[in-house]
Amino acid sequence: MHIPMRMCIACRQMKPQAELIRIVRELNTGKIMPDENKKLMGRGAYICRDKDCIKKAEKKNGLARHFKCNVPIEIYKAAEEMV
Ligand SMILES: [Zn+2]
């Protein structure tokens with residue numbers, strides 16, 4: 001069976017998609033938001049379900065770099081709550 005692998009933007013490890021948190025820039029609104037059910041359309045970024053990786057991404061502005069736009073700090077907080 002094929003398991004889709006994605007890269008964590010913090011530690012750069014490839015992991016099965018199911019093990020990662022997806023953050024999406026929603027296609028219609030352009031809003032950046034956590035995508036709990038991995039169903040939203042748009043460009044996605046993945047982070048491990050791991051507080052250290054989320055903290056690391058926050059420190060490095062990983063999401064802002066990935067999406068090439070400002071990402072509010074609340075997104076990282078929301079991601080932490082999904083761990
Ligand atoms: Zn990671």
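Colleague: In E5, what's the bridge partner of glutamate 26?
Modeller: Glycine 42. Strands (E, at least two residues) and helices (H or I, at least four) are DSSP runs, numbered from the N terminus. This is a predicted model: local features need pLDDT of at least 70 and side-chain atom pairs pLDDT 80 or more, while totals for chains, interfaces and linings use all residues. Residues count from 1 along each chain as its sequence is written, and side-chain values use heavy atoms, with hydrogens and water left out.

Colleague: OK, how many bridges join E3 to E5?
Modeller: Seven, and the two strands run antiparallel. To count as paired, two strands need at least two DSSP bridges between them.

Colleague: And what about E3 and E4?
Modeller: They're antiparallel too, over three bridges. Arginine 25 faces isoleucine 32 of E4, and isoleucine 23 faces proline 34. Five residues sit between the strands in that hairpin, where glycine 30 has a positive phi near 75°.

Colleague: What's the strand order in the sheet?
Modeller: E4-E3-E5, an open sheet of three strands with antiparallel pairing. E4 and E5 are at the edges with a single partner strand each, so one side of each has no neighbour in the sheet.

Colleague: Is E3 buried or exposed, then?
Modeller: Six of its seven residues are buried, so the rest of the structure largely encloses E3. Buried is under 20% relative accessible area and exposed is over 50%, with partly exposed in between (1.4 Å probe, protein chains only).

Colleague: Switching topic: which residues coordinate the zinc ion?
Modeller: Cys8, Cys11, Cys48 and Cys53, each through SG, at 2.2 to 2.3 Å. Donors are N, O or S atoms within 2.8 Å of the metal (3.2 Å for Na, K and Ca); water isn't among the atoms, so sites may look incomplete. Along the sequence, the spacing of the donor residues is C-x2-C-x36-C-x4-C.

Colleague: Why call the arrangement tetrahedral?
Modeller: Because the four donor atoms subtend angles of 104 to 116° around the zinc ion. For four donors to count as tetrahedral, all angles must lie between 85 and 135 degrees.

Colleague: Are cysteine 48 and cysteine 53 buried or exposed?
Modeller: Cysteine 48 is buried, at 3% relative accessible area, and cysteine 53 is buried at 9%.

Colleague: Last one: which residues of H3 are buried?
Modeller: Ile75, Tyr76, Ala79 and Glu80, in a helix covering residues 73–81. Down the H3 axis they fall within an arc of 140°, so they line one face of the helix; the arc is taken from the directions from the helix axis to the C-beta atoms. Glu74 and Glu81, on the other side of H3, are exposed.

Methods
Four donors count as tetrahedral if all angles lie between 85 and 135 degrees; four count as square planar and six as octahedral if opposite donors are over 155 degrees apart and all others between 65 and 115; anything else is irregular.
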